[in-house]
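Student: I would like a close look at a single part of this structure, followed by an account of how the remainder relates to that part. Please set it out as one connected answer.

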Amino acid sequence: PGKGDPNILNLPEWSTTLGMPVATRGYGMPSKYEAGLIRRQSPGLTQTAAASVSFSPLQGMFGIITASGLHFERHHQGWHDIDPTKHRFMINGLVKTPMVFTMDDLMRLPSVSRIHFIECGANTGMEWANVAVPTVQYTHGMLSCSEFTGVRLIDLLEMCGADLKKGRYLLAEGADGSSMTRTIPMELVESGEVLVAYGMNGEMIRPENGYPLRLVVPGVQGVSWVKWLRRVEVGDKPYGTKDEAVHYIDLMPDGMHRQYTSLQEVKSVITTPSGGQILLDKGFYNITGLAWSGRGKIVRVDVSTDGGVNWRQARLEQPVLPKALTRFNIDWVWDGKPAILQSRAVDETGHIQPSYGQLRKVRGTRSIYHNNAIQSWLVNENGEVSNVQVL
Ligand code: MTE
């Protein structure tokens with residue numbers, strides 16, 4: 001007597017009292033017990049919090065869709081909650097009829113909904129030369145995946161009579177004060193993939209992510225997904241704006257820069273077990289993670305538990321969509337000895353995620369952007385998991 005589990009022996013409050021009424025919260029919130037699962041900023045990474053980034057807690061997310069409140073944020077000059085009745089979207093440049101759309105105008109038009117990942121080009125950027133941050137939230141958390149709803153940009157360009165022969169480039173401009181503008185090649189738009197989106201995960205896009213309108217450019221680094229989108233200009237050459245000439249370029253080992261490398265290459269990461277977590281005991285674990293490629297679908301993910309000596313093929317969970325996150329899982333029995341966990345993704349174009357050794361041979365160590373190297377997590381005898389690099 002007295003030795004049983006009190007959680008079974010005693011009836012809890014929630015089995016003996018009346019619960020909360022409906023609509024106590026007009027808009028639902030996560031359980032108070034999940035309060036630790038939040039976006040976080042990296043202390044000391046940036047000078048001001050208005051020109052900064054908050055990272056998604058990948059370690060606590062399931063499936064492939066990012067809860068809207070956990071979507072990472074990257075602002076160059078802070079975010080605003082823009083009055084949609086005052087927001088305008090203009091198309092000008094090499095078009096027959098320049099047009100200005102209100103939100104009401106846009107929401108009358110045929111819409112599509114598509115699931116895509118968005119990854120900042122600077123994701124994993126702190127890790128180029130050595131291990132810098134402890135957890136997957138900070139190594140890979142400039143990454144999210146949502147269902148976006150909006151109008152295809154090509155349809156809007158056709159309404160304006162855009163000159164698709166001469167007008168091979170677009171300039172996209174946001175309504176915030178950052179003057180963050182990006183050149184978008186017309187062939188991406190002609191594919192029908194680029195959206196002028198107002199919806200995210202079944203509701204209006206959140207203010208932090210561009211309410212009421214943002215550009216969705218599947219497969220391309222986040223900076224081109226212009227938020228609070230107010231203007232698209234059709235032009236005949238790349239615009240070479242400050243965010244393409246000075247930022248979001250790749251510093252190569254010979255001191256030269258690569259420009260317009262905006263595609264996000266094939267990449268994956270194990271989210272559990274990952275840095276900062278602790279395995280309680282030896283025995284069975286489900287290794288789970290995410291894989292993605294800006295070139296299309298993921299076709300294969302291999303997982304190693306011995307630092308890349310042996311590899312086993314992981315299960316890809318459905319749905320496997322182009323330019324979206326893909327969830328993978330694989331069984332593992334931990335024998336209590338030190339282990340190094342890695343994942344390596346392959347996409348449908350045959351591109352294979354590189355090791356740090358392979359990537360550094362081409363790219364060096366002084367870059368910020370476009371680090372898609374294989375991530376390694378060390379599990380020590382105490383079950384503590386930490387960030388390490390394996391060449
Ligand atoms: N658009 C505007 N207008 N202003 C910005 O600061 N940041 C860009 C892009 N679009 C930005 C913007 C960058 S660098 C990224 S990575 C993505 O938005 C981030 O989108 P998110 O905040 O929804 O995650």
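Tutor: The centres of domain 1 and domain 2, taken over C-alpha atoms, are separated by 28 Å. The model is predicted: local features require pLDDT of at least 70, side-chain atom pairs count only at pLDDT 80 or more, and totals for chains, interfaces and linings use all residues. Residues are numbered from 1 along each chain as its sequence is written.

Domain 1 covers residues 75-258 and domain 2 covers residues 267-388, with bounds that come from an automatic or database domain assignment. Between them, 26 residues of domain 1 are in contact with 25 residues of domain 2; a contact requires C-beta atoms, placed from the backbone, within 7 Å of each other. On the domain 1 side, β5 (112-119), α4 (136-140) and β13 (250-251) each supply at least two residues. Helices (H or I, at least four residues) and strands (E, at least two) are DSSP runs numbered from the N terminus. This side of domain 1 comprises 16 nonpolar, 8 polar and 2 charged residues. In this classification Ala, Val, Leu, Ile, Met, Phe, Trp, Tyr, Cys and Pro are nonpolar, Asp, Glu, Lys and Arg are charged, and the others, Gly among them, are polar.

The largest nonpolar core has 79 residues, of which V194, V196 and L215 touch the most other members. Such a core is a set of buried Ala, Val, Leu, Ile, Met, Phe, Trp, Tyr and Cys residues joined through C-beta atoms within 7 Å. Buried means that 20 or more other C-beta atoms lie within 10 Å of the residue's own, exposed that 12 or fewer do, and partly exposed covers the values in between, with C-beta atoms placed from the backbone. Strand β9 (residues 195-200) gives the most to this core, with 5 residues, and the core draws at least three residues from each of domain 1 and domain 2. Leaving aside residues up to four places away in sequence, V194 touches L153, I184, L188, V189, L215, V216 and V217.

The loops contain several backbone features. P212 is placed in the loop between β10 (203-204) and β11 (214-216), and the peptide bond from Y211 to P212 is cis, with omega near 5°. Q318 and P319 are also joined by a cis peptide bond, with omega about -5°; P319 is in the loop between β19 (315-316) and β20 (326-334). K323 is placed in the loop between β19 and β20, and its phi is near 55°, a positive value in a residue other than glycine. K323 counts as buried because it has 23 C-beta neighbours inside 10 Å.

Around the ligand there are 20 residues, the closest being H76, C120, G174, N209 and G222; a residue is near when its C-beta atom, placed from the backbone, lies within 6 Å. Strand β2 (residues 73-75) provides the largest share of this shell, 3 residues. The shell divides into 8 nonpolar, 7 polar and 5 charged residues.

For the protein chain as a whole, there are 8 helices and 23 strands. Buried residues make up 41% of its 391 residues. Among contacts between residues at least 6 apart in sequence, 71% join residues at least 24 apart.

How values were computed: Contact = placed C-beta atoms within 7 Å.
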